[in-house]
Amino acid sequence: MSGPPASPPLGAVPGGAAGRRRAVIVAVVSLLGATLFWAGNYIIGASAVEEIDPISLVLLRWVIALVPLLVIAQVVERPAWRQVLRAWPWLVALSGLGLLGYNLLLYAALQFTDAFNASLINAFNPALITLAAAVFLRERLTPLAVVGILTALVGVLVVLSGGDLAALFGAGGGFGAGFGAGFGVGEALMIGAICAWTAYTIIGRRAPKLPPITATAVQAAVVIVVLTPVSLATGGPTLPGTPQALWALVFIGIFPSVLSYLLWNRALTVLPASGAGVFLNLITVFTAAFTILAGHPYTPAQLIGGVIVIGGVVLTNARTLLPRRATPHPR
């Protein structure tokens, strides 16, 4: 899938200037809702993996989401299903990298690190995508984007090192020897997750143009087909054993899996896709807010590193205020 459709021309919104303003307000609220629910995927996901293993969580998430996605796709996008299915090699590859690969690595990471840390590493993803696009798609990398990527990387290293950057090259073994409290299995899995999503995005830009909700629905079906025999071979999916785990699963299957995609694509009928992409930084902001409000522990390194990462990503994507490409939807 190549991402949501580009926004319509400015005059496409009826009602003149007043109608345009109302449409923009609705679009902004939609983006806030979408990113809020995606942030919830980190917070609620961290709770869900305490009872449901990552394979079962990914499988059950898309089982819950599949029928609503198919219904919404049919009603809103009215796809030509034969044309969509002819792109099956692309859809299988994208499903394996995005809906399956990214989420499996994310939920596995949340077994070993907290949601805030995972979201901070994920915040580097837009900068990594920009770098990968320059390498594999020959997209122009501006000096400002280079500064932004390096800045965001420093922020990630602050998070991974627990604030002790000197320890990364400390005595006793060179690079990596000093990775301390901030770096472990969870952080390594999250790095794998953002690499998977980067590959998903780059391949998505080469894929045939397909309606985004339709493509998401087909990819969800692919995940179910692939993971069902794997789950059965390992004893079957782990079902939620408490009301809390059940509600967590229902939340993940409906809000970040269905409603976020619907709100995101609704907003992109009004706002430029690349401009909307700036809102993705709110996933980390919302996750940080939830962490602090819930009383979960956090470190100065997480806060400082997070600010540096987001600042670097904003610099990296500064030119997207004049969009040229659609921004693939997240998670």
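1. Start with Ser 119. Its relative accessible area is 0%, so Ser 119 is buried. The residue is found in helix α5. Leaving aside residues up to four places away in sequence, Ser 119 touches Tyr 42, Thr 284 and Thr 287. Bear in mind that this is a predicted model.

2. Now the overall make-up. The protein has 13 helices and zero strands. Along the sequence, the pattern reads α-α-α-α-α-α-α-α-α-α-α-α-α. The protein counts 331 residues, and 50% of them are buried. Take the contacts with a separation of 6 or more: 88% of them come from residues 24 or more positions apart.

3. Back to α5, the helix that holds Ser 119. Helix α5 covers residues 115–122 and packs with α8. The angle is about 40°, and the axes are 9 Å apart. The crossing of these two helices is right-handed. On the α5 side, the contact is made by Asn 117, Ala 118, Ile 121 and Asn 122. On the α8 side, Glu 187, Met 190, Ile 191 and Ile 194 take part. By class, five residues of this contact are nonpolar, two are polar and one is charged.

4. Helix α8 also meets α6. Their axes come within 9 Å and cross at roughly 50°. That angle makes α6 oblique to α8. The crossing of α6 and α8 is right-handed. From α6, the contact draws on Asn 125, Leu 128, Ile 129, Ala 132, Ala 133 and Phe 136. From α8 come Ile 194, Cys 195, Trp 197, Thr 198, Thr 201, Ile 202, Arg 205 and Arg 206. Nine residues of this contact are nonpolar, three are polar and two are charged. Note Ile 194 of α8: it is listed in the contact with α5 and in the contact with α6.

5. How many salt bridges does a search of the whole structure find? The search finds one. Its partners are the side chains of Arg 205 and Glu 139, at 3.1 Å from N to O. Arg 205 sits in helix α8 (residues 185–206), and Glu 139 sits in the loop between α6 (125–136) and α7, so the pair ties together parts that are 66 residues apart in sequence. Arg 205 is also one of the α8 residues in the contact with α6.

6. Is Glu 139 buried or exposed? Its relative accessibility is 18%, so Glu 139 counts as buried. The cut-off for buried is under 20%.

7. Next, α7 and α13. Helix α7 spans residues 143–160, and helix α13 spans residues 300–316. Their axes come within 7 Å and cross at roughly 165°. The two helices are therefore roughly antiparallel. Their crossing is left-handed.

8. Which residues of α7 and α13 make the contact? From α7 they are Leu 144, Ala 145, Val 147, Gly 148, Ile 149, Thr 151, Ala 152, Val 154, Gly 155, Val 156, Val 158 and Val 159. From α13 they are Ala 301, Gln 302, Gly 305, Gly 306, Ile 308, Val 309, Gly 312, Val 313, Leu 315 and Thr 316. By class, the contact has 14 nonpolar, eight polar and no charged residues.

How values were computed:
Residues are numbered from 1 along each chain as its sequence is written. This is a predicted model: local features need pLDDT of at least 70, side-chain atom pairs count only at pLDDT 80 or more; totals for chains, interfaces and linings use all residues. Side-chain values use heavy atoms; hydrogens and water are left out. Axes are lines fitted to C-alpha atoms, for helices over the stretch in contact, and angles run from 0 to 180 degrees between N-to-C directions. Helices (H or I, at least four residues) and strands (E, at least two) are DSSP runs, numbered from the N terminus. Angles under 35 degrees count as roughly parallel, over 145 as roughly antiparallel, 65 to 115 as roughly perpendicular and the rest as oblique. A crossing is left-handed if the near helix is turned anticlockwise from the far one by less than a right angle, and right-handed if clockwise. Contact means heavy atoms within 4.5 Å. Ala, Val, Leu, Ile, Met, Phe, Trp, Tyr, Cys and Pro count as nonpolar, Asp, Glu, Lys and Arg as charged, and the others, Gly among them, as polar. A salt bridge is a side-chain nitrogen of Lys or Arg within 4 Å of a carboxyl oxygen of Asp or Glu. Buried means under 20% relative accessible area, exposed over 50%, partly exposed in between (1.4 Å probe, protein chains only).
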